[in-house]
Amino acid sequence: MQVLFSVRGSHRRPLILGKGGFGRQLADWLEEDGWGSAEFLDDNAPGCAGALRDYADPALLKPGRPAFVALGDNELRVALLQKLAAAGYETPVYISDAASVSPSAVLEPGCVVLPQAYVGAGAHLGAGCIVNGGAIVDHDAVLGRGVHVAPGGIVKAGAEVTAFAKVDSGEIIRSPWEKG
């Protein structure tokens, strides 16, 4: 698999923007996989180190610190990933140990592939994509930046999903050669 940036297994405390359900789940998986306990930024949740805009705070910004954006707003997720990278954070790819990703798949910075997800041969995931638990991105599929494939969503072989789209649970994006 070609990961355009990954620090899998880093022992530095990751920063997660967003402390909703997805952010808390991501923190659990990161800690379980050896990344250390996460610190959060969120505009509304209690127990955070600050608001989303506080990522540039010198107390939080340590050169090369891994940071993830766990927000459901696909466009905002990608915009914040770009700001994190510009500020000096690493925006690694996270692949759960319980996911299956083909060695020939390409995952751009900030992608998250969760447990029981599958990413096939030659698939290309743009920056900031989420392939949620139990989702399938089959061989040669292309996901634009910020795409979220919800739990149980399926992107079939060779299909393309435009930037910032959501493939909902149970939704199937068909291969271009299939009849609707």
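Please note that the model is predicted: local features need pLDDT of at least 70, side-chain atom pairs count only at pLDDT 80 or more, and totals for chains, interfaces and linings use all residues. Residues are numbered from 1 along each chain as its sequence is written, and side-chain values use heavy atoms, with hydrogens and water left out.

I begin with the helix. Helix α1 spans residues 21–32, and its 12 residues reach 17 Å from first C-alpha to last, close to the 16 Å expected at 1.5 Å a residue. Here helices (H or I, at least four residues) and strands (E, at least two) are DSSP runs, numbered from the N terminus, and the expected span is 1.5 Å times one less than the number of residues.

Which residues of α1 are buried? They are F22, G23, L26, A27 and L30, where buried means under 20% relative accessible area, exposed over 50%, and partly exposed in between (1.4 Å probe, protein chains only). Seen down the helix axis, the buried residues of α1 fall within an arc of 135 degrees, so they line one face; the arc is that of the directions from the axis to the C-beta atoms. On the other side of α1, D28 and E32 are exposed. The cover over the buried residues includes β2, β3, β4, β5, β8 and β11, with contact meaning heavy atoms within 4.5 Å. Just after the helix, G34 has a positive phi of about 90 degrees.

Let us turn to the sheet. Five strands form an open, parallel sheet in the order β5-β8-β11-β14-β17; two strands pair if DSSP finds at least two bridges between them. β5 and β17 stand at the edges with a single partner strand each, so one side of each is left without a neighbour in the sheet. Within the sheet, β11 and β14 pair over two bridges, and V131 stands opposite V149 in β14.

Finally, two loop residues. Most residues other than glycine have a negative phi. Q116, between β8 and β9, has a positive phi near 65 degrees and is exposed at 56%.  F164, between β16 and β17, has a positive phi near 70 degrees and is partly exposed at 25%.
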